[in-house]
Amino acid sequence: MEKVQKLFCVALLLAVLAIASNIANAQSTICKMPVAGLMSCKPSVTPPNPTAPSADCCSALSHADINCLCSYKNSSLLPSLGIDPKLAMQLPGKCKLPHPANC
(Lines give C-alpha, C1' and ligand atoms only; values in the text may rest on other atoms or scores of the structure.)
Protein backbone atom coordinates (compact mmCIF):
# COMPACT_ATOMS: atom_id res chain seq x y z
CA MET A 1 0.00 0.00 0.00
CA GLU A 2 2.81 2.42 0.86
CA LYS A 3 4.40 1.79 -2.55
CA VAL A 4 1.12 2.68 -4.25
CA GLN A 5 0.87 5.89 -2.22
CA LYS A 6 4.42 6.86 -3.13
CA LEU A 7 3.81 6.15 -6.80
CA PHE A 8 0.68 8.24 -6.73
CA CYS A 9 2.44 11.19 -5.11
CA VAL A 10 5.32 11.01 -7.54
CA ALA A 11 3.01 10.87 -10.50
CA LEU A 12 1.20 13.91 -9.24
CA LEU A 13 4.41 15.78 -8.72
CA LEU A 14 5.45 14.94 -12.24
CA ALA A 15 2.17 16.22 -13.62
CA VAL A 16 2.66 19.43 -11.73
CA LEU A 17 6.16 19.72 -13.17
CA ALA A 18 4.69 19.30 -16.63
CA ILE A 19 2.20 22.07 -16.05
CA ALA A 20 4.88 24.23 -14.49
CA SER A 21 7.03 24.01 -17.57
CA ASN A 22 4.23 25.67 -19.53
CA ILE A 23 3.88 28.60 -17.17
CA ALA A 24 5.86 31.67 -18.18
CA ASN A 25 5.66 33.49 -14.87
CA ALA A 26 8.20 32.08 -12.42
CA GLN A 27 6.25 33.60 -9.52
CA SER A 28 3.27 31.33 -10.20
CA THR A 29 2.46 28.46 -7.92
CA ILE A 30 0.88 25.08 -8.44
CA CYS A 31 -0.64 23.42 -5.41
CA LYS A 32 1.09 26.04 -3.22
CA MET A 33 4.46 25.07 -4.70
CA PRO A 34 6.33 27.76 -6.65
CA VAL A 35 7.19 26.85 -10.20
CA ALA A 36 10.86 27.44 -9.34
CA GLY A 37 10.52 24.82 -6.60
CA LEU A 38 8.95 22.36 -9.01
CA MET A 39 11.75 22.92 -11.48
CA SER A 40 14.35 22.44 -8.75
CA CYS A 41 12.97 18.91 -8.32
CA LYS A 42 13.14 17.97 -11.99
CA PRO A 43 16.78 16.73 -11.94
CA SER A 44 15.74 14.25 -9.25
CA VAL A 45 12.97 12.72 -11.36
CA THR A 46 14.67 12.69 -14.75
CA PRO A 47 16.50 9.57 -15.92
CA PRO A 48 19.03 8.26 -16.71
CA ASN A 49 21.11 9.87 -13.93
CA PRO A 50 18.75 11.45 -11.41
CA THR A 51 20.34 13.53 -8.68
CA ALA A 52 19.47 13.59 -5.00
CA PRO A 53 16.75 16.18 -4.32
CA SER A 54 18.20 19.58 -3.52
CA ALA A 55 17.40 21.52 -0.38
CA ASP A 56 15.36 23.89 -2.56
CA CYS A 57 13.35 20.97 -3.94
CA CYS A 58 12.64 19.51 -0.51
CA SER A 59 11.78 22.90 0.94
CA ALA A 60 9.32 23.62 -1.85
CA LEU A 61 7.80 20.16 -1.54
CA SER A 62 7.41 20.58 2.22
CA HIS A 63 5.22 23.66 1.68
CA ALA A 64 3.17 22.17 -1.15
CA ASP A 65 -0.40 20.96 -0.92
CA ILE A 66 0.42 17.29 -1.44
CA ASN A 67 -3.23 16.28 -1.84
CA CYS A 68 -3.49 18.80 -4.65
CA LEU A 69 -0.34 17.38 -6.25
CA CYS A 70 -1.83 13.92 -5.90
CA SER A 71 -4.68 14.95 -8.16
CA TYR A 72 -2.19 14.92 -11.06
CA LYS A 73 -1.01 11.36 -10.50
CA ASN A 74 -2.51 9.87 -13.66
CA SER A 75 -1.33 12.59 -16.00
CA SER A 76 0.20 11.47 -19.27
CA LEU A 77 2.19 14.69 -19.43
CA LEU A 78 4.90 13.55 -17.04
CA PRO A 79 6.56 10.95 -19.24
CA SER A 80 6.32 13.32 -22.20
CA LEU A 81 8.48 15.77 -20.23
CA GLY A 82 11.09 13.14 -19.47
CA ILE A 83 9.92 12.66 -15.89
CA ASP A 84 9.98 9.15 -14.46
CA PRO A 85 6.95 8.61 -12.18
CA LYS A 86 8.86 6.00 -10.16
CA LEU A 87 11.58 8.53 -9.37
CA ALA A 88 9.00 11.16 -8.51
CA MET A 89 7.35 8.78 -6.04
CA GLN A 90 10.63 8.58 -4.16
CA LEU A 91 10.90 12.34 -3.56
CA PRO A 92 8.84 12.59 -0.36
CA GLY A 93 10.84 9.81 1.27
CA LYS A 94 14.15 11.25 0.11
CA CYS A 95 13.09 14.62 1.52
CA LYS A 96 12.01 12.92 4.77
CA LEU A 97 8.43 14.12 4.34
CA PRO A 98 5.30 12.20 5.38
CA HIS A 99 3.14 10.65 2.69
CA PRO A 100 -0.50 11.75 2.65
CA ALA A 101 -2.95 9.00 3.50
CA ASN A 102 -5.16 9.49 0.46
CA CYS A 103 -2.48 9.99 -2.17
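Does Lys32 count as buried or exposed, and at what relative accessibility? At 63% relative accessibility, Lys32 counts as exposed; the cut-offs are under 20% relative accessible area for buried, over 50% for exposed and partly exposed in between, with a 1.4 Å probe and protein chains only.

The model is predicted: local features need pLDDT of at least 70, side-chain atom pairs count only at pLDDT 80 or more, and totals for chains, interfaces and linings use all residues. Residues are numbered from 1 along each chain as its sequence is written, and side-chain values use heavy atoms, with hydrogens and water left out.

**View 1. Overall fold.** The protein has six helices and two strands, arranged along the sequence in the pattern α-β-β-α-α-α-α-α. Helices (H or I, at least four residues) and strands (E, at least two) are DSSP runs, numbered from the N terminus. Of the 103 residues, 40% count as buried. Among contacts with a separation of 6 or more, 76% come from residues 24 or more positions apart, a contact being heavy atoms within 4.5 Å.

**View 2. The largest nonpolar core.** This core has 17 residues, and those with the most contacts inside it are Met33, Cys41, Val45, Leu61, Leu69 and Leu91. Helix H2 (35–41), helix H3 (55–63) and helix H6 (85–94) each supply at least two of its residues. The largest share, four residues, comes from H3. A nonpolar core is a set of buried Ala, Val, Leu, Ile, Met, Phe, Trp, Tyr and Cys residues joined through side-chain atoms within 4.5 Å.

View 3. The buried residues of H3 are Cys57, Cys58, Ala60 and Leu61. Seen down the axis of H3, they fall within an arc of 165 degrees, so they line one face of the helix; the arc is that of the directions from the helix axis to the C-beta atoms. Ala55, Asp56 and His63 are exposed on the face of H3 turned away from its buried side.

**View 4. The disulfide of Cys41 and Cys57.** A search of the whole structure finds two disulfides, each defined as a pair of cysteine sulfur atoms within 2.5 Å. In this one, the sulfur atoms of Cys41 and Cys57 are 2.0 Å apart. The link is right-handed, with 105 degrees about the S-S bond. Cys41 lies in helix H2 and Cys57 in helix H3, so the pair ties together parts that are 16 residues apart in sequence. Both Cys41 and Cys57 are buried.

**View 5. The disulfide of Cys58 and Cys95.** The sulfur atoms of Cys58 and Cys95 are 2.0 Å apart. This link is left-handed, with -75 degrees about the S-S bond. The pair links distant parts of the chain, with Cys58 in helix H3 and Cys95 in the segment after H6, 37 residues apart. Cys58 counts as buried at 16% relative accessibility, and Cys95 is buried with a relative accessible area of 11%.

View 6. Ser40 is found in helix H2. A polar atom of the Ser40 side chain lies 2.6 Å from the backbone oxygen of Gly37. Not counting residues up to four places away in sequence, Ser40 touches Ser54, Asp56 and Cys57. Met39 is also found in helix H2 and counts as partly exposed at 33% relative accessibility. The C-alpha atoms of Met39 and Cys57, 18 residues apart along the chain, are separated by 8.0 Å.

View 7. Most residues other than glycine have a negative phi, and most peptide bonds are trans. Lys32, in the loop between strand E1 (29–30) and strand E2 (33–34), has a positive phi of about 65 degrees although it is not a glycine. Lys96 lies in the segment after H6; its phi is also positive, about 60 degrees, and it is not a glycine. At 73% relative accessibility, Lys96 counts as exposed. A cis peptide bond joins Pro47 and Pro48, with omega about 10 degrees. Pro48 is found in the loop between H2 and H3.

Terms used:
A polar contact is a pair of N or O atoms within 3.5 Å; within protein, one must be able to donate a hydrogen and the other to accept it, and residues adjacent in sequence count only if both atoms are side-chain atoms.
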